[in-house]
Amino acid sequence: QESQASGLPEYVKIVEVGPRDGLQNEKVIVPTDIKIELINRLSRTGLPAIEVTSFVSSKWVPQMADHNEVMRGIERHPGVQYPVLTPNLQGFHSAIAAGATEVSVFGAASESFSRMNINCSIEESIEKFEEVAKSARNMNIPVRGYVSCALGCPYEGNIVPAKVAEVSKRLYSMGCYEISLGDTIGVGTPGSMKRMLEAVMKEIPLSALAVHCHDTYGQALANILTAVQMGVAVVDSSVAGLGGCPYAKGATGNVATEDVVYMLNGLGINTGVNLYTVMEAGNFIC
Amino acid sequence: NVVPTAVKINLINMLSETGLQVIEATSFVSPKWVPQMADHTEVMQGINKLPGVSYPVLTPNLKGFQAAVAAGAKEVSIFGAASELFTKKNINCSIAESLERFGEVMTAARAASIPVRGYVSCVLGCPYEGKISAAKVAEVSKKMYSMGCYEISLGDTIGIGTPGSMKEMLTAVMKEVPVGALAVHCHDTYGQALANILVALQMGVSVVDASVAGLGGCPYAQGASGNVATEDVVYMLNGLGVHTGVDLQKLVDVGTFICNALNRRTNSKVSQASCRL
């Protein structure tokens, strides 16, 4: 009641990205059995979605080389989604073969970032994702779309909200059920978050939006609060704040799931997540 | 570790150059209780006092007040609390008794035309009592404001508050004290500080306490962080288009200086990120 009276969502879905986004940005290569144990522990916390791994070439992302073993090795709890990254059709097919039932594609609002990260233009990446989305649709596999650099780019600097809205709309139109807007380098503030969301909300229904805030400048919780105040009800976070920032040495990266849940609890917003069991999973992986 | 007087003076002088308008310099408390502040007189007399910048000092009682004024202080602060147990453990008396002591300071300060800032601790929770009612915070704030404090700084002493409890507490306090006289002093022990500050700003609060480099751990939670980092607050306010007059780069440099002098890592995320980008 408290959250409703204040215009906040009653429930926020937390998408746990620690095992993928988190571990991908940690220096130490984590053994497969540890990854599986982490995901199994996270499955018992009440988290509704846990990003498991990435079906990308091990040449590019050595940390995710064991994607098949992880996908096949984890417990699958009823009511919990286990999305995986699939950068292209080949990755998609491998993911399905390994038992994936939800996939994600990663776009960007910055041309430079797209080129540096996946070696092609935004347009070319969208074409690749469309292939994935088409196959996924045929198999009734939901696809989540990510938009990186939504509040700033390590190469281009400022990113215009209209560009974020444009890329989001492309991903949504191709059939992504949800668009996760990522502040990839954590430079955003409540000011830029608000402007960006206002632009995107003109193109995408609110219920299909998520925010993926990095805490590199300590702004994540304030940015998430702003998003939630505007009605966004899906938040990505990483247990123990796993995952540094590859663009700012020594800086932090993902926002910690524990801190997000603490804040949402304090706001009277339901997440279904047991804070203590998440903390225990965090202690385990740390 | 006790910081050498020269380093303290250097720190304050550097902070004076950043555009900050208020820098809490020291505390005129007995060195028996707070050894770190034993050099209060030397610090007060040693710093450069820039025009347009205030250098308030803590004065827990009349004796401290008199020592502060003798050392050149032009503004003082008194520290109350919204929790009886915290007051008892911290200064060994009840809230009512502490307010009486402050009354003496207020009388002397008024006679000397010295502005007094009032702090209320434990506004969003107490390490001993747990939950603190918003009504109690409003009551203590009102008493301190009525005594003559020009500003009341509401402190989330153990950083336990969230935007939910901040909003509830401020709503109650704003019924008793004008919002223009309110400040928030958020601790980042649970990572909630910036979100809590944001809510306060949204409700019209326009004075925020912060600590360069996030200096100051939490004495009630071993290993936990304490004060919110000034750099991170300024970064957020800049992004919101809210004017502070503070030069963020200079502030980051001051944080680097004091962390080197203390041989510790900064608690400011902005500072951590800025080194490499």
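A:Thr216 lies in the loop between β7 (209-213) and α10 of chain A, where helices (H or I, at least four residues) and strands (E, at least two) are DSSP runs numbered from the N terminus. The model is predicted, so local features need pLDDT of at least 70 and side-chain atom pairs count only at pLDDT 80 or more, whereas totals for chains, interfaces and linings use all residues. Residues are numbered from 1 along each chain as its sequence is written, chains are lettered from A and ligands numbered from 1 in the order in which they are written, and side-chain values use heavy atoms, with hydrogens and water left out.

With a relative accessible area of 1%, A:Thr216 is buried; buried means under 20% relative accessible area, exposed over 50%, and partly exposed in between (1.4 Å probe, protein chains only). A polar atom of the A:Thr216 side chain lies 3.4 Å from the backbone oxygen of A:Ile185. Leaving aside neighbours within four places in sequence, A:Thr216 is in contact with residues of both chains, among them A:Ile185, A:Cys245, A:Thr252, B:Lys269, B:Val270 and B:Ala273, contact meaning heavy atoms within 4.5 Å.

**The interface between chains A and B**

In total, 30 residues of chain A are in contact with 28 residues of chain B. The area buried between the two chains is about 2200 Å², of which carbon and sulfur atoms give 62%; buried area is the accessible area (1.4 Å probe) that two parts lose on being put together, summed over both. One salt bridge is counted between chain A and chain B, and in it the side chains of A:Asp215 and B:Lys269 meet at 2.6 Å, N to O. Helices α9 (190-200), α10 and α11 (257-266) of chain A each supply at least two residues of the side of chain A that touches chain B, and the largest share, five residues, comes from α10(A).

Helix α10 (residues 220-229) of chain A is largely enclosed by the rest of the structure, because nine of its ten residues are buried. Among these buried residues are A:Leu221, A:Asn223, A:Ile224 and A:Val228. The helix is followed by A:Gly231, whose phi is positive, near 105 degrees.

The structure holds 18 salt bridges over all chains, a salt bridge being a side-chain nitrogen of Lys or Arg within 4 Å of a carboxyl oxygen of Asp or Glu.

| Pair | Distance, N to O |
|---|---|
| A:Lys13 and A:Glu178 | 3.3 Å |
| A:Arg20 and A:Glu51 | 3.0 Å |
| A:Arg144 and A:Glu178 | 2.8 Å |

A:Arg144 is buried, with a relative accessible area of 2%, and A:Glu178 is buried as well, at 4%. Salt bridges that share partners join A:Lys13, A:Arg144, A:Glu178 and A:Asp236 into one network. For the remaining pair of the table, A:Arg20 counts as buried at 3% relative accessibility, and A:Glu51 counts as buried at 1%.

**Nonpolar cores**

A nonpolar core is a set of buried Ala, Val, Leu, Ile, Met, Phe, Trp, Tyr and Cys residues joined through side-chain atoms within 4.5 Å. The largest such core has 179 residues, of which A:Leu171, A:Leu181, A:Leu197, A:Ile224, B:Leu154 and B:Leu170 touch the most other members. Apart from this core lies another, of seven residues, including A:Val15, A:Leu85, A:Tyr146 and A:Val234.

Key. A polar contact is a pair of N or O atoms within 3.5 Å; within protein, one must be able to donate a hydrogen and the other to accept it, and residues adjacent in sequence count only if both atoms are side-chain atoms.
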